Amino acid sequence: HLMESLGVAEADLGLPGAGKRAVEDVTALVEEIARSKLKIKAAAAGRTMVRDIQPIADIVQKTGVPIEVYAFIGSSPIRLFAEDWDVSTLMGHIEDSIKFSVKEGLEYCLVTEDTIRSRPEVLDPLFRKAIDLGATRLCLCDTVGHATPDGIRNLFDWTHSLLRGAGAEHVKLDWHGHNDRGLGVTNAIIAIEAGADRVHGTGLGVGERVGNASIDQILLNLKLLGEWDHDLSDMLMYCQAVSRACHVEIPYNYP
């Protein structure tokens, strides 16, 4: 409810493919969105595997609430090496998961983990395949907080060029960033300037390692820049709620 009041457009509610508890949690959250007639859209994560997306489809069937699929797969050289994958392996996973999602009437975003360090010769066929099969979004990721502003601009320029060349300018672009270099919020703003349709963040930046981009700081900076017209008077209550729920103290000098 606090996220809704701040104007957050969509929430990733969990990963139902993780098991019964995750399915119950996501279902409860979706039901609350419906019961309270919230505008916030529901999303759920999963690997690019049918067995991760099937539970999402089941929740949609049960609740009648649309859920957008954010299906992720590693695409950088280190991940391909660690998993002993090649491009054809990635293409197979993507094809199966998108075809299933489209059949189930689910919107689908392809999330390429560690996009910022992935090679164009890998991303190009993956993106084109996803678009051809019906993906409506691509999520460009800085999974390990490696990116700098120039790298983000280059990545978005390259991806926009690919979309134009493929006649797929209707496909939207997300940005997902982490904060390992202390650039999480800055990079999110740079991504918006570079043409991101949606940027991701977490309350107080809570996340693995040093965390993700802080959604509260992103919103506050957009407000100060005159780019966000929503009322942010519930921001303190939101941050306090995140702190209580996640057992993360708010530093005395938090921005």
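**Helix packing and the parallel sheet**

The structure is a predicted model, in which local features need pLDDT of at least 70, side-chain atom pairs count only at pLDDT 80 or more, and totals for chains, interfaces and linings use all residues. Residues are numbered from 1 along each chain as its sequence is written, and side-chain values use heavy atoms, with hydrogens and water left out. Helices (H or I, at least four residues) and strands (E, at least two) are DSSP runs, numbered from the N terminus.

Two packed helices are described by the angle between their axes and the distance between the axes. Helix α6 spans residues 120–133. The axes of α6 and α7 come within 11 Å and cross at roughly 45°. Axes here are lines fitted to C-alpha atoms, for helices over the stretch in contact, and angles run from 0 to 180 degrees between N-to-C directions. The angle makes α6 oblique to α7 (under 35 degrees counts as roughly parallel, over 145 as roughly antiparallel, 65 to 115 as roughly perpendicular and the rest as oblique). From α6, Pro 120, Leu 123, Asp 124, Phe 127, Arg 128 and Ile 131 meet Leu 155, Trp 158, Thr 159, Leu 162 and Leu 163 of α7. Contact means heavy atoms within 4.5 Å. By class, eight of these residues are nonpolar, one is polar and two are charged. Ala, Val, Leu, Ile, Met, Phe, Trp, Tyr, Cys and Pro count as nonpolar, Asp, Glu, Lys and Arg as charged, and the others, Gly among them, as polar.

The crossing of α9 past α10 is left-handed. Ile 215, Asp 216, Leu 219 and Leu 220 of α9 make the contact with Met 235, Tyr 238 and Cys 239 of α10. Six of the residues in this contact are nonpolar, none is polar and one is charged.

Seven strands form an open sheet with parallel pairing, in the order β1-β2-β3-β4-β5-β6-β7. Two strands pair if DSSP finds at least two bridges between them. β1 (10–12) and β7 (198–199) each have a single partner strand, so one side of each is left without a neighbour in the sheet.

Within the sheet, β3 (residues 67–74) and β4 (residues 108–113) pair in the parallel sense over six bridges. Ala 71 stands opposite Leu 110 of β4, and Gly 74 stands opposite Glu 113. Four bridges join β4 to β5, again in parallel. Here Leu 110 stands opposite Leu 138 of β5.

Six of the six residues of β4 are buried, so the strand is largely enclosed by the rest of the structure. Buried means under 20% relative accessible area, exposed over 50%, and partly exposed in between (1.4 Å probe, protein chains only). Tyr 108, Leu 110 and Thr 112 are buried on one side of β4, and Cys 109, Val 111 and Glu 113 on the other.

Helix α5 (residues 87–103) lies across β3 and β4, running at about 160° to β4. Ser 97 is located in α5. With 0% relative accessibility, Ser 97 counts as buried. Neighbours within four places in sequence aside, Ser 97 is in contact with Thr 48, Met 49, Ile 53 and Tyr 108. Helix α7 (residues 149–165) lies across β5 (137–142) and β6 (172–177), running at about 155° to β6.

How values were computed. Left-handed = near helix turned anticlockwise from the far one by under 90°.
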